[in-house]
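Please have the structure open as you read.

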Amino acid sequence: MTDRFVAAIDQGTTSSRCIIFNQDGAIVAVDQREHRQIFPKPGWVEHDATEIWSKVQAVVAGALARGGLRAEQLSALGITNQRETTVLWDRATGKPVHNAIVWQDTRTSALCTELGGADGQDRFRDTTGLPLASYFSGPKAAWLLDNVPGLRSRAERGEIAFGTIDSWLIWNLTGGVDGGVHVTDVTNASRTMLMSLESLDWDRSILEAMNVPEVMLPRIRSSAEVYGTAVGQLEGVPVASALGDQQAAVFGQACYDTGTAKNTYGTGSFLLLNTGERPVASKSGLITTIGYKIGDRAPVYCLEGSIAITGALVQWFRDQLGIIRSADEIETLAASVEDNGGAYIVPAFSGLFAPYWRSDARGVVTGLTRYVTKAHLARAVLEATSWQTREVVDAMYQDSGVRITSLKVDGGMTVNGLLMQHQADVLGVPVIRPKVSETTCLGAAYAAGLATGVWAGLDELKSHWQRDAAWEPRMEAAVREREYGNWRKAVERSLGWEGGD
């Protein structure tokens, strides 16, 4: 039997990748390129959507070349993407009307407070599963409509298209101004704060409240179906899946059963717990979101703990402070000391996400004495990721009553054994890394392959999952709780910096 290949585009916060998989779910070829991070003002983060599209085309060509493959050998193409990042473009010219506003961007904090009114952050939570926060796409779109001259009237006339990055890529892949398909999937739509979790359609009362014209929005589709056929370098390849990056990781980690959980360590970290075919409302600062929807089947829901800054803290340590020259140096430096020397770093660069949702928070370093060295700070950088994850796991237990017995992990930071050991220590459960750590791309490929008959069903996909490494907890419970208490004190000191609270 001739092997079949599925390509996946992973358009992330700092780079774009294309990975090609074979029918066993093994990687055949990879290509990756970084794109610029644009910081116009403190708290503002932007991307050039045209640059992103250019880099995506380059990595697709690169992956095909590295794998010695032609486009016609691909059975399907899937897409996974940074989620809440928002781009508006002109339907006639195909040009963005402004830089994309990135999920980390905090410029809509005041707008979100205004929208909340007397109800505060929970105004739309019953409908969308989301707190009113600058993280999500709807307020970003509203900000653009209000701040780009003439844009609102153009949008109301149907001249402007709104999308998260999946929509932008699908539109361009399928023809752009020449008949491009304007769609999004339920996972990305569930992050806009404009979609009802119950109807899986745009909620007109929220659109009216945010003053976002429905005519600019994409059609909402499932996560695994053929949206259209690619043109250009991928001529004839079915574009057959879209999943927000964290939901794609759920799919790639084979978290198909209720109660299974994964954490992805990237620019930020995102822990998702499968809660089955019913949404679980959070009272503990988590997000209720769509996990995935396969064709006509019922959607699967998740509770999510979104942490804004984890891997980005290592980048800050490298680029802004210059203490290390490459990200992988941090493990060696941190391992040269036995503990953090009493220092804690709370990376609230864009406020705090789950479980706090405090846009007034800012980053702090606490517990400094003359004893503390750069090695202790390196350790505090890594431990910040573990402690933030612990807070999310505790919130998930409070909401769902499900106590995790292990944690599947993926993403770039999982190569750091010191971090993974500390993560197991502070959770008190094993941490397990799969053989294929690129689970966001794998999930997008799996969904596209399901839609086009490359794989028969979820049981076949489960059979592909294999363990690569595991870390067992070694920290004494008393030490764990003492250190956790210190972390919580550090978090308290990060609050109230912005806005004079």
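Helix H6 (residues 165-173) lies across S1, S5, S11 and strand S12 (238-244), where contact means heavy atoms within 4.5 Å. H6 runs at about 150° to S5; axes are lines fitted to C-alpha atoms, for helices over the stretch in contact, and angles run from 0 to 180 degrees between N-to-C directions. Helices (H or I, at least four residues) and strands (E, at least two) are DSSP runs, numbered from the N terminus. This is a predicted model, in which local features need pLDDT of at least 70, side-chain atom pairs count only at pLDDT 80 or more, and totals for chains, interfaces and linings use all residues. Residues are numbered from 1 along each chain as its sequence is written, and side-chain values use heavy atoms, with hydrogens and water left out.

**The sheet**
- Six strands in the order S3-S2-S1-S5-S12-S11 make an open sheet with mixed pairing (two strands pair if DSSP finds at least two bridges between them).
- Strand S3 (27-34) and strand S11 (224-229) are the edges, each pairing on one side only.
- From one strand to the next, the twist averages 25°.
- Seven bridges join strand S1 (residues 5-11) and strand S5 (residues 74-81) in the parallel sense; Asp-10 has Thr-80 in S5 as its bridge partner.

**Another helix on the sheet**
- Helix H14 (residues 439-451) lies across S1, strand S2 (15-21), S5, S11 and S12, at about 135° to S12.

**A helix pair**
- Helix H12 (residues 374-400) packs with helix H16 (residues 477-494) at about 95°, their axes 11 Å apart.
- H12 and H16 are therefore roughly perpendicular (65 to 115 degrees).
- Residues making the contact include Trp-387 of H12 and Trp-487 of H16.

How values were computed. Angles under 35 degrees count as roughly parallel, over 145 as roughly antiparallel, 65 to 115 as roughly perpendicular and the rest as oblique.
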